[in-house]
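Have the sequence and the 3D view open as you read.

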Amino acid sequence: MRGCVVKGRPVPESLVGELRDSASLLDAPVELRRRLQEDGYLFLRGALDRDKVLAARREVLARLEAVGEIAPGSDIFTGRSERKAKEPDLGRFWRSVSEGPRLRATTHGAAVERILGAVADEPVRGMDYVFLRVGVPGRATGVHFDYPFFTRLHDRVWTVWTPIGDVPVSRGPVVVVENSHRFKDLIDDLVGFDIVRDTHRKADLGMDAMELAQARGTRLLTADFRAGDVVLFGMYLAHGSLDHHDDSGVVRVSTDVRWQPARLPTDPRYFGDNPTGTTGAGYAELNGAKPLDVNWHVR
Ligand SMILES: O=C(O)CCC(=O)C(=O)O
Ligand SMILES: [Fe+2]
């Protein structure tokens, strides 16, 4: 795949491949679960209603337009922001964007619930706390496992990453490290790791996604995502994002939300009417809560 960039460096074609599309297994739960075990992730092309996802995108962009970050009627970043002046409580603003009804209809709708029910093989519940990410050049996610954030009570947790709109590789979608769910040394090292309690340790793996893939003789996997696609994985798969390096100014919007069996205990940081988030600062702690101009042009 051409056009993938990590930390400012183009990823050589030999180091990057396409996520395997498992959408054909959506009606075959046993095989779907076997595929997840095997690949460490499920990429489900077109599993959601594209129009509903695009409605969610417009809902988010309208809120950003109101604070001067998106040019009127477009999905293009203006390069500036009035968010701080107009919305002095940034966490509250971000919470209200993250709780938009169209966005929730996508992230917590029946289609996603059905998929996760098949994955868990039992009734499931999605976390109320949503990670909504708006990507512009200069904003990317380093390679990590989700384990230290979401497994305080149990590890039967899956992350669902949903592009809210089309996200070609040039706009920095999620990337997974192929076969990293079998990196026994790194996984053994995760057990018991809690990002809040283990203050001396960071989620960061000490190298970027490309360096990790190279060091392990494997590849990065991603896709030119389209509205309607979904990727999910467990707590033991290394992933991050590519760089947004497309100067069209079109923003990359995505959500990541965790799901778990409904019968298992729920971490109050992520469930409930007003979840506190990982550290306790609520929606204010998310990158998304920062005005969009902060990192613009930083590469
Ligand atoms: O979208 C991103 O930039 C990162 C996504 C991620 O880390 C996740 O879905 O857990
Ligand atoms: Fe993650």
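Predicted model: local features only at pLDDT ≥ 70, side-chain atom pairs only at ≥ 80, totals over all residues.

## A strand with partners

Strand β7 and strand β10 (residues 230-233) run antiparallel and are joined by three bridges. Two strands count as a pair here if DSSP finds at least two bridges between them. Strands themselves are DSSP runs of E with at least two residues, helices are runs of H or I with at least four, and both are numbered from the N terminus.

Residues are numbered from 1 along each chain as its sequence is written, and chains are lettered from A and ligands numbered from 1 in the order in which they are written.

## Around the ligand

Which residues surround ligand 1? They are Arg133, Thr141, Asp146, Thr159, Trp161, Val174, His239, Ser241, Ser254 and Asp256. A residue is near the ligand if its C-beta atom, placed from the backbone, lies within 6 Å of it. β7 (158-163), β11 (239-241) and β12 (252-261) each supply at least two residues of this shell.

By type, the shell divides into two nonpolar, five polar and three charged residues. Nonpolar covers Ala, Val, Leu, Ile, Met, Phe, Trp, Tyr, Cys and Pro; charged covers Asp, Glu, Lys and Arg; the others, Gly among them, are polar.

## The whole chain

Zoom out, and the protein chain has nine helices and 12 strands. Its radius of gyration is 18 Å, close to the 19 Å that the globule rule gives for 299 residues, so the chain is as compact as a globular protein of that length. (The radius is taken over C-alpha atoms, and the rule is 2.2 Å times the number of residues to the power 0.38.) Of the 299 residues, 46% count as buried.

Residues 24 or more positions apart account for 80% of the contacts with a separation of 6 or more. A contact means that two C-beta atoms, placed from the backbone, lie within 7 Å.

Helix α4 (residues 90-98) has Phe93, Trp94, Arg95, Val97 and Ser98 buried. These buried residues pack against α2 (50-66), α3 (83-86), α5 (101-107) and β6 (131-135).

In α6, the buried residues are Val112, Ile115, Leu116, Ala118, Val119 and Ala120. Just after α6 comes Asp121, with a positive phi of about 65°. Asp121 sits in the loop between α6 (110-120) and β5 (124-126) and is exposed, with 12 other C-beta atoms within 10 Å.

## Another positive phi

Lys7 isn't a glycine, yet its phi is positive, near 50°. You'll find Lys7 in the loop between β1 (5-6) and β2 (9-10). With 15 C-beta neighbours inside 10 Å, Lys7 counts as partly exposed.

Notes:
Buried ≥ 20, exposed ≤ 12 C-beta atoms within 10 Å, placed from the backbone.
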